[in-house]
Amino acid sequence: AEYLVTAIVELEILPDLPKDFIIYCKQFTAKFLEIINSDSLASHHYLCMQPWMIESLSTKYSAKDINNLAFRLMYPAPVCLRVNTLSANRSLIMDALAANSIKATPSNYSPDGIILANRPQLNNFEFYRNGSVEVQDIGSQLISYSLAPEKNTDILDACAGAGGKTLHIAALTKDEAKIIATDLEFNRLKEIKIRANKAGIASIAVIPQRKMELKNKIKHQFDYILIDAPCS
């Protein structure tokens, strides 16, 4: 609410904005805040949600909960880091963040996750440039923990994308597994080797794939197969 009010106030100091536009924005914001804070379900126009989503949520949640959820989804997601445990630990990185005046909190869900309060330029910091941390959402980190891979096993990341979970799998197995990363999108897949080299990881083999070629190129079985299908 404070963010929206501030944004509307700042409109007045910008040049060449029609007064009727500013008035409209103020009226819309006031109505928006009134609706969000009420116990009545807001229109999908205010919630920025598809009607079918609101209808589905309404079977389980109250109108106020849906309003609040929609409001939160309008905010940018926070920047989350995953500590590369092959070269650092979370306490060490938290100290490095504090030393550089970067506000952060440890994740309650991922043992190696850190949530940043703001969006610093990470390339300015050595702990990012040397691969001690990766940018990775907490939900994405939890997937590799759920896989629970072990050392000295064969692992296939079948929808690897740019390799966030692939790198995490390598860290969880102490870089002592045989990991094949593949994806239909080569432009994303090619980033894995760059990121792996930066993180000091040697256990990942990248195999670009076109549709339906995977079964023709890989002839052995795997101990673990990760398929993050919605990603690809």
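Let's start with helix α9 (residues 164-172), which is mostly covered: 8 of its 9 residues are buried, meaning under 20% relative accessible area with a 1.4 Å probe and protein chains only. The buried ones are G164, K165, T166, L167, H168, I169, A170 and A171. Just past α9, K174 has a positive phi of about 60°. Helices (H or I, at least four residues) and strands (E, at least two) are DSSP runs, numbered from the N terminus.

Keep in mind that this is a predicted model, where local features need pLDDT of at least 70, side-chain atom pairs count only at pLDDT 80 or more, and totals for chains, interfaces and linings use all residues. Residues are numbered from 1 along each chain as its sequence is written, and side-chain values use heavy atoms, without hydrogens and water.

Now the sheet. Four strands pair in parallel in the order β7-β6-β5-β8, and the sheet is open. Because β7 and β8 are at the edges with a single partner strand each, one side of each has no neighbour in the sheet. Pairing takes at least two DSSP bridges between two strands; β5 and β6 have 4. Within that pair, D154 sits opposite K178.

| Strand | Residues |
|---|---|
| β5 | 154-157 |
| β6 | 178-181 |
| β7 | 204-206 |
| β8 | 224-226 |

What does I204 touch beyond its neighbours within four places in sequence? Its contacts (heavy atoms within 4.5 Å) are T166, L167, A170, I179, A181, I192, K193 and A196.

Conventions:
Buried means under 20% relative accessible area, exposed over 50%, partly exposed in between (1.4 Å probe, protein chains only).
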